[in-house]
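Here are my notes from a pass through this model. Have it open while you read, and check the points against it as you go.

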Amino acid sequence: MIPPLPRQFLITVTLLFALTIAMSVYVWQIRRREIMSPRPSEKTEHVAPPTLGAMEQVTVYVAYDSPGELRAQSISIPLAAGRQQRAEGLLRGLISIYTAKNSPHLLAAAAEIRQVFLVDSGLAVIDVNSAFVEGQVSGVLAEELTIASLVQTLATNMPGLMRVKILVDGKEQETLAGHADLSGFYDVQQIAEVVKQLSPQ
């Protein structure tokens, strides 16, 4: 026969049980108050846009669809402090030619360079938006001109560049518009050979 539990033990267990319930109710009420009470709005700090330096002359490689050529052209862009900002300025200056009226290599007005990442001294990753791709004329030569224009412009102005990767909205895409392969990396030296063939004789 199991002996009955001591009365003091039962009282202690009962008190502990009651205390546990009381603590649970208290914690639940605190959480409920936190949920119901409005949170103070976080202060948003005003971030000033980066200060642009003086204008500088740079060489970009502009595609011309009609003769199927790439031509070196001098344009002015703001002088940027960092290599990445400089790379972005170069390509945005180039794209402004393609989105302008009477462009020799027309892209959609909303086409833009989102960012250029310099992963290391030898690799650049160009991230374009979807409008850039949607406005690209489909065709082997047209797409080759676009790729060669981007890569050669960067390589001419960014010493030591060896490879270039192109993303669309931060993601890999198989082709530019059905022909030019975007799944791999473009070798700068190979593109330079293509540019020689596409340059006016």
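Predicted model: local features only at pLDDT ≥ 70, side-chain atom pairs only at ≥ 80, totals over all residues.

1. The protein has five helices and six strands. Going from the N terminus, their order is α-β-β-α-β-β-α-α-β-β-α.

2. Some totals for the protein. It has 201 residues, and 35% of them count as buried. The accessible surface is about 13200 Å², with 58% of that belonging to carbon and sulfur atoms. If you take contacts between residues at least 6 apart in sequence, 60% of them join residues at least 24 apart.

3. Now the helix pairs. Two packed helices are described by the angle between their axes and the distance between the axes. For helix α2 (residues 83-98) and helix α4 (residues 140-157), the axes come within 10 Å and cross at roughly 140°. The two helices are therefore oblique to each other, and α2 passes α4 in a right-handed crossing.

4. Which residues in α2 and α4 meet? On the α2 side they are R86, A87, L90, L91, L94, I95 and Y98, and on the α4 side S149, L150, T153, L154 and N157. By class, this contact is made up of eight nonpolar residues, three polar and one charged.

5. Helix α4 has another partner in helix α5 (residues 188-198), where the axes are 9 Å apart and the packing angle is about 120°. That angle makes α4 oblique to α5. Here the crossing, α4 passing α5, is left-handed.

6. As for who meets whom, α4 brings L141, E144, L145, I147, A148, V151, Q152 and A155 to this contact, while α5 brings V188, I191, A192, V194, V195 and L198. The class count for α4 with α5 is 12 nonpolar, one polar and one charged.

7. Is S149 buried or exposed? This residue sits in helix α4, and S149 counts as buried because its relative accessibility is 0%. Leaving out residues up to four places away in sequence, S149 touches Y61, V62, A63, L70, L94 and Y98. Of those, L94 and Y98 are among the α2 residues that meet α4.

8. Next, have a look at H105, in the loop between α2 and β3 (113-120). With a relative accessibility of 2%, H105 counts as buried too. Setting aside neighbours within four places in sequence, H105 is in contact with A63, D65, Y98, Q136, A142, L145 and T146.

9. Last one: M158, in the loop between α4 and β5 (163-168). At 2% relative accessibility, M158 counts as buried. Its contacts, apart from neighbours within four places in sequence, are R83, R86, A87, L90 and L118. Among these, R86, A87 and L90 are α2 residues that also meet α4. One distance to check as well: the C-alpha atoms of M158 and A124 are separated by 9.6 Å, and the two residues are 34 apart along the chain.

Technical notes. Residues numbered from 1 in each chain as written. Heavy atoms only, no water. Axes fitted to C-alpha atoms, helices over the stretch in contact; angles between N-to-C directions. Helix = DSSP H or I, 4+ residues; strand = E, 2+ residues; numbered from the N terminus. Parallel < 35°, antiparallel > 145°, perpendicular 65-115°, else oblique. Left-handed = near helix turned anticlockwise from the far one by under 90°. Contact = heavy atoms within 4.5 Å. Nonpolar A, V, L, I, M, F, W, Y, C, P; charged D, E, K, R; others polar. Buried < 20%, exposed > 50% of the residue type's maximum accessible area, 1.4 Å probe, protein only. Areas by Shrake-Rupley, 256 points an atom, 1.4 Å probe, with all protein chains shown as cover.
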